[in-house]
Amino acid sequence: MTDGADTAAPDCGTVLERLHAHYGPLHWWPAETAFEVMVGAVLTQNTAWSNVERALAALREADALTPAGMAALEPEELAERIRPSGYYNVKAGRLRHLLAFLERTGGIEALSALETGPLREALLEVKGIGPETADDIVLYAFHRPVFVVDAYTRRLFERLGRPHARDGYETLRASVEAELGTDTVAFNELHALIVEHGKQRCRPRPLCDGCPLGDRCYGVVTG
C-alpha cells in the first residue's frame, strides 16, 4: 500500500493485467446457456453466488432452465426451487416478468439481433432488472462490450484513486467503457477478476499483503 502522493490511478488495462496475472483467467459467466445467465443474474441480486448455484441446481433438477421449462412450473414451485437464493418470492416474480419479456420480444434469438444500446434499454424496462443486472445479461448472455458496476468495483476503484468511483452508475460505467473500447473479452475478465479480488483481498477490511495492486493503492477508504 502506498500513500498515493505521487501515484497516478492505474488505468483499466493495468488493473486487468495485474489481476489476470495474479488470479489467472476466470472464464465467467459459469452457465451453459444464455437463458441460464439471465436467470443467474436475477438470482444473484443481494446474495452470494454459492446460494445461486444451489437454486440453479434445483431448477436444473426440475428441467426448468429453459423458458418453456420454467414457464411450466407453478408460481409456488418456482419460488420454492429458488429458495436458497433468498428473497425467493420476489425473485420468482422477477423471473416471471423476464419470461413474459422473452415471449413478448421473440426470445433470445430476436434479442440477439438488437444493437447493444436498444438491447440494454429493453432489459431495463423489465420489472426487477436494474442497471447491474441488465449489464450482467448484456455482457455474459449476449457477449457485448459493456462494463458491470458493482460494490466490489466501487471499493477497488476508490482505493486506487480512480476517477468517478463515487459517481452514478452510468458515469462510472461509461468511463470504463471509454478506456476498454469494444473488447468484450476484456470486459468479461475485468468484471470477473474484480469480483474475485473483492472476495479474496479487497474486502471492507482488506488483506493487503501480497496484493497485486498494492503499490497503486491509496489504502482503506472510509465513509
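Student: Which residues do ring pairs link into a cluster?
Tutor: The model is predicted: local features need pLDDT of at least 70, side-chain atom pairs count only at pLDDT 80 or more, and totals for chains, interfaces and linings use all residues. Residues are numbered from 1 along each chain as its sequence is written, and side-chain values use heavy atoms, with hydrogens and water left out. Rings of Phe, Tyr and Trp (its six-membered ring) pair if their centres lie within 6.5 Å; planes under 30 degrees apart are stacked, over 60 edge-to-face, and the rest tilted. The cluster linked by such pairs consists of Trp28, Trp29, Trp49 and Tyr140.

Student: What kind of pair do the rings of Trp28 and Trp29 make?
Tutor: By the ring rule, the count comes to six aromatic pairs. In the pair of Trp28 and Trp29, the centres are 5.3 Å apart and the planes stand at 70°, so the pair is edge-to-face.

Student: How many residues apart in sequence are the parts that the pair of Trp28 and Tyr140 ties together?
Tutor: The ring centres of Trp28 and Tyr140 are 6.4 Å apart with planes at 65°, so this pair is edge-to-face. Elements here are DSSP runs numbered from the N terminus: helices (H or I) have at least four residues, strands (E) at least two. Trp28 lies in the loop between helix H1 (12–23) and H2, and Tyr140 in helix H9, so the parts that the pair ties together are separated in sequence by 112 residues.

Student: Is Tyr140 buried or exposed?
Tutor: Buried means under 20% relative accessible area, exposed over 50%, and partly exposed in between (1.4 Å probe, protein chains only). Trp28, at 23%, is partly exposed, whereas Trp29, at 9%, is buried. Tyr140 has a relative accessible area of 4%, so this residue is buried.

Student: Is the peptide bond from Trp28 to Trp29 cis or trans?
Tutor: Trp29 sits in the loop between H1 and H2. The bond leading from Trp28 to Trp29 has omega near 10°, and its form is cis.

Student: How many of the 10 residues of H9 are buried?
Tutor: The buried residues of H9 are Thr133, Ala134, Asp135, Asp136, Ile137, Val138, Leu139 and Tyr140. Their cover includes H2, H8, H11 and H12. H9 is mostly covered, and the number of its residues that are buried is eight.

Student: Why are the buried residues of H8 on the same side of the helix?
Tutor: In helix H8 (residues 116–124), the buried ones are Leu119, Arg120, Ala122 and Leu123. Taking directions from the helix axis to the C-beta atoms, they lie on the same side of H8 because the arc they cover is only 160°.

Student: Which residues does Arg173 contact, leaving aside neighbours within four places in sequence?
Tutor: Arg173 belongs to helix H11 and is buried, at 14% relative accessible area. Contact means heavy atoms within 4.5 Å. With those neighbours left aside, the contacts of Arg173 are Arg120, Asp135, Phe147 and Val149.

Student: And which residues does His197 touch, not counting those up to four places away in sequence?
Tutor: His197 is found in helix H12 and is buried, with a relative accessible area of 1%. Its partners beyond that range are Leu19, Tyr23, Leu156, Cys202, Cys211, Pro212 and Leu213.

Student: Which lining residues are closest to the centre of the largest pocket?
Tutor: On a 1 Å grid over the protein atoms alone, a pocket is an open set of points with protein on both sides within 12 Å along at least five of seven lines, and lining residues have an atom within 4 Å of a point. Grid points are joined across faces, edges and corners, and the volume, filled by probe spheres (1.4 Å) set on the points, is about 420 Å³ for the largest pocket. Of its 18 lining residues, the closest to the centre are Thr44, Thr47, Glu132, Asp150 and Tyr152.

Student: How many residues of that pocket's lining are charged?
Tutor: H9, helix H10 (151–159) and helix H12 (184–200) each give two or more residues to the lining of the largest pocket. Asp, Glu, Lys and Arg count as charged; Ala, Val, Leu, Ile, Met, Phe, Trp, Tyr, Cys and Pro as nonpolar; the others, Gly among them, as polar. The lining has eight nonpolar and six polar residues, and the charged ones number four.

Student: What is the phi of Tyr87?
Tutor: Tyr87 is in the loop between helix H5 (75–81) and H6, and counts as exposed at 57% relative accessibility. Its phi is positive in a residue other than glycine, with a value near 45°.
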